[in-house]
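Take a look at the chain below. This report starts with the whole fold and then turns to a few residues in detail.

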Amino acid sequence: PKHVIAARPRKGKSMFALKIAVNVARKGFRVLYFSMEMSEQQTMTRYLQVVHNINGDKFKKVTDKFLEELGSLTPPNENVIFCYKSGLTAEELESYIIKEKEHGNIDLVIIDHMHIMRGNGKEMTQQYTEVSRGIKRVAMNQTEPIITLAQMNRETEKRGGGEPKLSDLAQSGAIEQDAETVLFIDRDEDPDSNPNELKLLGRKNRNGVGFFNLKYLVDFSTYRIKEF
């Protein structure tokens, strides 16, 4: 099955996906994580924050003391395998999954994010339709669940706020059609309200009925999500 987690930029979707990867890996399952938007250094910095609850400010000015602290930490879980190839097609994505399976089972695939993948259409909508259909095909061929992150368009901002809708998925209606589930991440970045409140909004569940809204408190300095 293919599952979509969507958000506008800077809402926390990469952090949320890394949190899922870490929690799944801690249960003994192997996760293949495609980090297509961030560099290896950026991804590892966030990964260490998630795994060890390290304050992100420490990475801005690295001291000898901080390096000693890092050296004493338990190594990150080897059940999370990172791939940093950007601009992959669905076919290339599947090839990497098959290749990694030669070293052991893969129980979950996470794509961060699908709008950086490459399609062959002449127009953007055609390209993202092809990418979406391709990811769905990979999920069916390889049987592992795939979580793919996706961008939202600016419609929520044009509406003056309000909760995201399925029509807000950027570029192609195929993303909604091809997904088993669609979750939106939203949060208020206004420092005068509650910038640490993250909302997870379920807006499609092919095997279920109805919507749901969940709220979490997040420490964005360490990417620690309470009750998650």
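The chain holds 7 helices and 9 strands. Keep in mind that this is a predicted model. The chain has 228 residues, and 48% of them count as buried. Among contacts with a separation of 6 or more, 68% are between residues 24 or more positions apart.

**Helix 5**

Helix 5 runs over residues 124–142. How far apart should its ends be? At 1.5 Å a residue, its 19 residues should span 27 Å.

Which residues of helix 5 are buried? They are Gln127, Tyr128, Val131, Ser132, Gly134, Ile135, Val138, Ala139 and Gln142. These residues cover an arc of only 160° around the axis, so they sit on the same side of helix 5.

After helix 5 comes Thr143, which has a positive phi, near 75°.

**Gln142**

Gln142 belongs to helix 5. Is Gln142 buried or exposed? Its relative accessible area is 11%, which is under the 20% cut-off, so Gln142 counts as buried.

Leaving out residues up to four places away in sequence, Gln142 touches Glu94, Ile97, Ile98 and Lys101. Ile97 is 45 residues from Gln142 along the chain, yet their C-alpha atoms are separated by 8.2 Å. The side chain of Gln142 also makes a polar contact with that of Lys101, at 2.8 Å.

**Lys13**

Now turn to Lys13, in helix 1 (residues 13–26). Lys13 is buried, yet it has no salt bridge. Which side chain of opposite charge is nearest to Lys13? That is Glu37, 5.4 Å away.

Lys13 does have a polar partner. Its side chain joins that of Gln151 in a polar contact of 3.3 Å. Beyond its neighbours within four places in sequence, Lys13 is in contact with Ala7, Arg8, His113, Leu149, Ala150, Gln151 and Ile185.

| Residue | Partner | Polar contact |
|---|---|---|
| Gln142 | Lys101 | 2.8 Å |
| Lys13 | Gln151 | 3.3 Å |

How values were computed:
Residues numbered from 1 in each chain as written. Predicted model: local features only at pLDDT ≥ 70, side-chain atom pairs only at ≥ 80, totals over all residues. Heavy atoms only, no water. Helix = DSSP H or I, 4+ residues; strand = E, 2+ residues; numbered from the N terminus. Buried < 20%, exposed > 50% of the residue type's maximum accessible area, 1.4 Å probe, protein only. Lys, Arg positive; Asp, Glu negative; His and termini not counted. Salt bridge = Lys/Arg side-chain N within 4 Å of Asp/Glu carboxyl O. Polar contact = N/O pair within 3.5 Å; in protein donor to acceptor, adjacent residues only side chain to side chain. Contact = heavy atoms within 4.5 Å. Expected span 1.5 Å × (residues − 1). Arc of directions from axis to C-beta.
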